[in-house]
Amino acid sequence: TPPMRAAYIVLSALLFLCLLPVLVALAALALAGPMGCTSDYPSFENCIRFGIDWPDTLTNATTLHWLGLVTLPFAALFALALLLLALVHLIRTLRRR
């Protein structure tokens with residue numbers, strides 16, 4: 001039904017937004033190695049690619065994981081809400097048969 005579909009979309013989008021800071025930090029760490037960056041935690045050095053110096057950008061991206069302290073509990077709530085919504089949807093579908 002359209003309201004259920006809208007609820008799935010909204011909850012999924014909220015879950016993705018809550019996970020985004022951690023995903024960005026992981027992506028920055030994954031890129032730093034192949035780019036040849038040296039790290040003296042918490043900053044990066046020698047990250048020159050395509051003629052651009054990237055250490056500030058990578059440092060900012062990796063420190064976003066601290067925002068996860070705020071967003072990850074909300075992500076857990078949205079994931080639980082998605083599971084409950086799926087359970088309700090399954091029960092409704094099975095009752096119709």
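What percentage of the 97 residues of the protein count as buried? In this predicted model, in which local features need pLDDT of at least 70, side-chain atom pairs count only at pLDDT 80 or more, and totals for chains, interfaces and linings use all residues, the share that counts as buried (under 20% relative accessible area, with a 1.4 Å probe and protein chains only) is 23%. Residues are numbered from 1 along each chain as its sequence is written, and side-chain values use heavy atoms, with hydrogens and water left out.

The protein comprises three helices and four strands, which follow one another from the N terminus in the order α-β-β-β-β-α-α; helices (H or I, at least four residues) and strands (E, at least two) are DSSP runs. The radius of gyration, taken over C-alpha atoms, is 20 Å, whereas a compact globule of 97 residues would have a value near 13 Å, by the rule of 2.2 Å times the number of residues to the power 0.38. Along the principal axes, the C-alpha trace spans about 65 × 25 × 15 Å.

Within helix α3, which covers residues 68–96, lies T71, and this residue counts as buried because its relative accessibility is 14%. When residues up to four places away in sequence are not counted, T71 touches C18 and P21, contact being defined as heavy atoms within 4.5 Å. A polar atom of the T71 side chain lies 2.9 Å from the backbone oxygen of C18.

Notes. Buried < 20%, exposed > 50% of the residue type's maximum accessible area, 1.4 Å probe, protein only. Polar contact = N/O pair within 3.5 Å; in protein donor to acceptor, adjacent residues only side chain to side chain.
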